[in-house]
Amino acid sequence: MKPQRTYFQRLRYYYSLFTGGFACFLIALAALEQEGMPRVWIGYLFMFATIVLYALIGVISRTSNVLEYYVAGRRVPAMFNGMATAADWISAASFISLAGGLYLHGFDGLAYIMGWTGGYCLVALLIAPYLRKFAQYTIPDFLAERYGGAENAEHGGRAVRILAVIATITVSFTYVVAQIYAVGLIASRFTGVDFSVGIFLGLASILVCSFLGGMRAITWTQVAQYIIILVAFLIPAMWLSAKHSDNPIPQVAYGKLLPKLSAREHVLQEDPKEAEVRAIYRQRAADYEARLKTLPASWEAGRIDLQRKLDSVKARNASLLEIRSAERELVAYPKSADDAERAWTDAREQYLQRAEPITPHATPYPGDKATSDIKRNNFLALVFCLMLGTAALPHILMRSYTTPSVHDTRVSVFWTLFFILLIYLTIPALAVLVKYDIYSALVGTDYNHLPNWVSYWTNVDKLNPLFSINDVNHDGVVQLAEITIDADVLVLATPEIAGLPYVISGLVAAGGLAAALSTADGLLLAISNALSHDVYYKLVDRSASTQKRVTISKLLLLAVAFIAAYAASTKPGDILSLVGAAFSLAGSTLFPALVLGVFWKRANHQGAIAGMAAGFLVCIYYMLHTSPVLGGSAAGQWFHIAPISAGIFGVPAGVLTIAVVSLLTPAPGRQTAALVDYIRAPEQ
Amino acid sequence: MKNHHTMDKLTRQHHWQRARRLTALLLALWLTTGFCAAFFARELAGLSVFGWPLSFYLAAQGASLVYLAILAFYAWRMRKLDREFRA
């Protein structure tokens with residue numbers, strides 16, 4: 001007991017020092033900004049300082065010991081393990097996109113808050129303590145041992161292990177690509193470096209850390225990253241909260257603001273100028289509709305029109321600017337009738353969407369009875385998938401191996417949720433605060449007096465504007481319908497919306513970077529451990545020395561990291577949809593096998609193989625079949641459930657298959673029963 | 001020796017029974033919280049707590065706080081249970 005306490009106290013001391021040092025760093029930068037240090041330097045300093053810090057922690061905690069490398073020596077105190085898991089958990093999507101998602105979708109976005117917190121009940125009640133009692137290294141370890149098969153336990157686990165490894169890698173890889181993508185995004189926005197340079201900068205810091213010290217290094221880095229994430233998220237939210245309600249605790253204050261926001265929404269909904277803008281959008285959608293109907297003639301006609309316009313501009317010797325713009329229009333024009341169909345359909349959809357009335361923020365499932373019911377069912381399905389997915393994510397479950405005892409694992413899950421909630425309870429508050437600010441301060445402003453942050457963020461990404469604002473009805477005043485805002489920009493722009501100094505913007509960027517890096521660290525370790533421990537050591541070379549195992553693991557980590565970085569540099573999909581798919585997949589494939597493995601002794605080898613395969617296939621099939629991004633169509637949906645919630649079909653399919661196949665085949669042997677008894681028994 | 005062994009087995013079984021009962025109870029609470037907050041959200045929107053419509057409060061904070069309480073209660077009860085059977 002005694003050395004444990006001193007270890008805990010020592011850690012607390014180090015991290016208090018770190019927090020103090022970080023505060024001094026912030027104050028120093030704020031002072032430098034006052035003295036007129038250029039913005040771009042602040043961005044560089046934040047990037048550089050935090051990345052060096054993570055690398056430093058990685059170097060200090062370097063290790064080649066197997067136990068330290070895979071499970072941090074199993075001696076991380078519960079509270080610190082909780083903090084590290086929280087950082088592991090809070091991904092780029094949570095930090096950057098979630099508040100924006102809530103801003104855009106109102107109540108319906110809260111499914112993410114409920115799902116991503118409720119999942120921890122399943123982790124604690126059904127899985128984590130039993131994994132800790134089992135005390136091995138990876139998730140496939142547990143599944144292979146539990147479903148080893150009756151005849152030859154050593155051999156029988158192979159198929160289960162391979163399936164579990166495939167599931168671990170598929171799930172973690174989609175997720176890690178999303179994180180690295182976010183790293184590139186943040187780095188390129190705040191320092192102006194190229195997107196792919198940003199990716200490789202971030203990658204370098206991830207690698208120094210996890211390459212040198214495995215689980216041990218990433219645990220201690222993640223604790224530091226959590227502190228940065230927390231500070232970065234709370235400061236702007238508290239500031240905005242104090243500004244709008246005289247109460248600096250946003251989680252409490254926004255209750256008062258919500259009725260005011262609803263009243264404002266009502267006023268804007270009735271405003272004739274807003275109606276005018278929406279009518280213009282409807283008109284534009286109708287124009288596209290008409291052109292789509294007369295394809296391909298309309299495409300041909302449009303092209304000739306543009307060509308003629310260019311010719312006439314050239315003929316009358318107009319200014320170079322006019323000629324350029326006419327040329328650009330012609331270049332941007334769809335290359336073929338097929339292209340035109342795609343582009344115009346998109347444009348029509350977009351305008352129709354923008355012509356929709358304002359979604360009331362606090363109203364659950366707005367719409368008529370039928371749409372409302374569909375929205376409710378989708379909300380429930382999404383919550384279900386996110387919860388079960390959370391309870392089956394390998395990089396989170398891996399964390400239950402690192403505490404000193406089973407009891408500490410249970411306490412650690414409590415701390416995890418506690419630290420996650422410090423952020424997650426602020427996210428809905430932040431969405432409401434920013435929305436109120438925009439609805440009441442920005443809407444109604446004169447176009448000649450737009451605040452500075454508007455012009456800054458409209459210029460950040462010319463191709464895919466994150467924030468755009470156009471005087472559609474030419475009245476010189478901002479209408480709400482004239483603003484489009486991307487989910488990813490909200491948190492990053494909050495400090496400027498709140499009127500805070502640029503240092504805080506840099507801090508928020510550093511927070512987003514910490515969120516993405518910490519999650520990427522954990523995921524890369526989960527993937528490389530699955531490859532090195534489960535594939536190489538357990539399946540290929542059982543006689544490998546511990547030294548060799550750790551070396552192989554490090555090399556694989558390097559390889560996986562580069563592949564993931566390459567995949568991210570091709571800019572696939574948007575962050576939230578990629579991460580969403582990972583949850584349904586994890587839930588469908590791993591959750592049934594993990595839980596039944598502990599709670600149902602009769603579940604056997606054949607059942608597990610069939611169940612994991614069935615869950616995986618059903619989930620993938622539904623996604624391919626219904627997601628327009630993956631080549632399906634919404635028409636194929638079952639009960640109108642969105643593809644992101646494919647797990648609602650995958651999980652029951654997995655559970656049923658395990659049950660039926662297990663009952664049809666022989667019961668597992670005595671060894672398996674003894675293992676289950678052992679993991680259920682209290683610690684001695 | 002034999003006697004000792006069966007006693008050991010019994011207590012273990014008893015421990016597992018009580019652990020399972022606690023788990024089932026808390027899972028039921030978990031399910032009710034999540035399901036009711038989402039399924040009856042439209043009905044609960046009319047009620048208000050400290051300015052929030054009840055359904056919005058539940059989805060944004062209430063449910064998550066219940067989950068946290070479940071975790072705390074589980075860790076506390078299981079430690080007690082483990083201690084009882086170790087003694």
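Mentor: Let's take confidence, then the interface, then some spots in chain A.

Trainee: What mean pLDDT does chain A have?

Mentor: Chain A averages 87, and 96% of its residues reach 70 or more. Within chain A, helix H13 (residues 320-332) has the lowest confidence, with a mean of 80. Helix H17 (residues 406-424) of chain A has the highest, at 95.

Trainee: And what about chain B?

Mentor: The mean there is 85, with 89% of the residues of chain B at 70 or more. Of its elements, strand S1 (residues 48-49) of chain B has the lowest mean, 81. H3(B) has the highest, 92.

Trainee: Where in chain B does pLDDT stay under 50?

Mentor: Over residues 1-7 of chain B. The model has 0 contacts beyond four places in sequence for that stretch. Where pLDDT is low, the predicted coordinates should not be read in detail.

Trainee: Noted. What is chain B built from?

Mentor: Chain B has 3 helices and 2 strands. From the N terminus on, the order is α-α-β-β-α.

Trainee: How much of chain B is buried?

Mentor: 29% of its 87 residues. Look at the contacts in chain B with a separation of 6 or more: 59% of them join residues 24 or more positions apart.

Trainee: Now the interface. How many residues are in contact between the chains?

Mentor: 37 residues of chain B contact 39 residues of chain A. On the chain B side, helix H1 (2-39), helix H2 (41-44), strand S2 (52-53) and helix H3 (54-86) each supply at least two residues.

Trainee: Which one gives the largest share?

Mentor: H3(B), with 19 residues of the side of chain B that touches chain A. By class, that side has 25 nonpolar, 7 polar and 5 charged residues.

Trainee: Switching to chain A. Which domains are assigned?

Mentor: Two ranges to remember. Domain 1 of chain A covers 38-245 + 375-431 + 501-680, and domain 2 covers 272-354. The centres of domain 1 and domain 2 of chain A, taken over C-alpha atoms, are separated by 45 Å.

Trainee: I clicked on A:Tyr70. Is it buried or exposed?

Mentor: A:Tyr70 is buried, because it has 26 C-beta neighbours inside 10 Å; the cut-off for buried is 20 or more. A:Tyr70 sits in helix H3 (residues 66-71) of chain A.

Trainee: What does A:Tyr70 touch, leaving out residues up to four places away in sequence?

Mentor: A:Tyr137, A:Gly214, A:Met215, A:Asn529 and A:His533.

Trainee: And how far apart are A:Tyr70 and A:Glu341?

Mentor: 53 Å in space, C-alpha to C-alpha. In sequence, A:Tyr70 and A:Glu341 are 271 residues apart.

Trainee: Why is helix H7 (residues 139-146) of chain A called largely enclosed?

Mentor: Because 7 of the 8 residues of H7(A) are buried. Those buried include A:Asp141, A:Phe142 and A:Arg146.

Trainee: Next, helix packing. How do the axes of helix H15 (residues 369-390) and helix H25 (residues 647-664) of chain A cross?

Mentor: At roughly 55 degrees, and the axes of H15(A) and H25(A) come within 9 Å. That angle makes H15(A) oblique to H25(A). H15(A) brings A:Ala381, A:Phe384, A:Cys385, A:Leu388 and A:Gly389 to the contact. H25(A) brings A:Gly647, A:Ile648 and A:Val651. By class, the contact has 6 nonpolar, 2 polar and no charged residues.

Trainee: Last topic, backbone. What is the phi of A:His474?

Mentor: It is near 50 degrees, a positive value in a residue other than glycine. Most residues other than glycine have a negative phi. A:His474 lies in the loop between strand S1 (467-469) and strand S2 (483-485) of chain A. A:His474 counts as exposed because it has 9 C-beta neighbours inside 10 Å.

Trainee: And what about the phi of A:Phe639?

Mentor: A:Phe639 has a positive phi of about 50 degrees, although it is not a glycine. Its place is in the loop between helix H24 (605-626) and H25 of chain A. With 10 C-beta neighbours inside 10 Å, A:Phe639 counts as exposed.

Conventions. Residues numbered from 1 in each chain as written. Chains lettered and ligands numbered in written order. Predicted model: local features only at pLDDT ≥ 70, side-chain atom pairs only at ≥ 80, totals over all residues. Contact = placed C-beta atoms within 7 Å. Helix = DSSP H or I, 4+ residues; strand = E, 2+ residues; numbered from the N terminus. Nonpolar A, V, L, I, M, F, W, Y, C, P; charged D, E, K, R; others polar. Domains from an automatic or database assignment. Buried ≥ 20, exposed ≤ 12 C-beta atoms within 10 Å, placed from the backbone. pLDDT = per-residue confidence, 0-100. Axes fitted to C-alpha atoms, helices over the stretch in contact; angles between N-to-C directions. Parallel < 35°, antiparallel > 145°, perpendicular 65-115°, else oblique.
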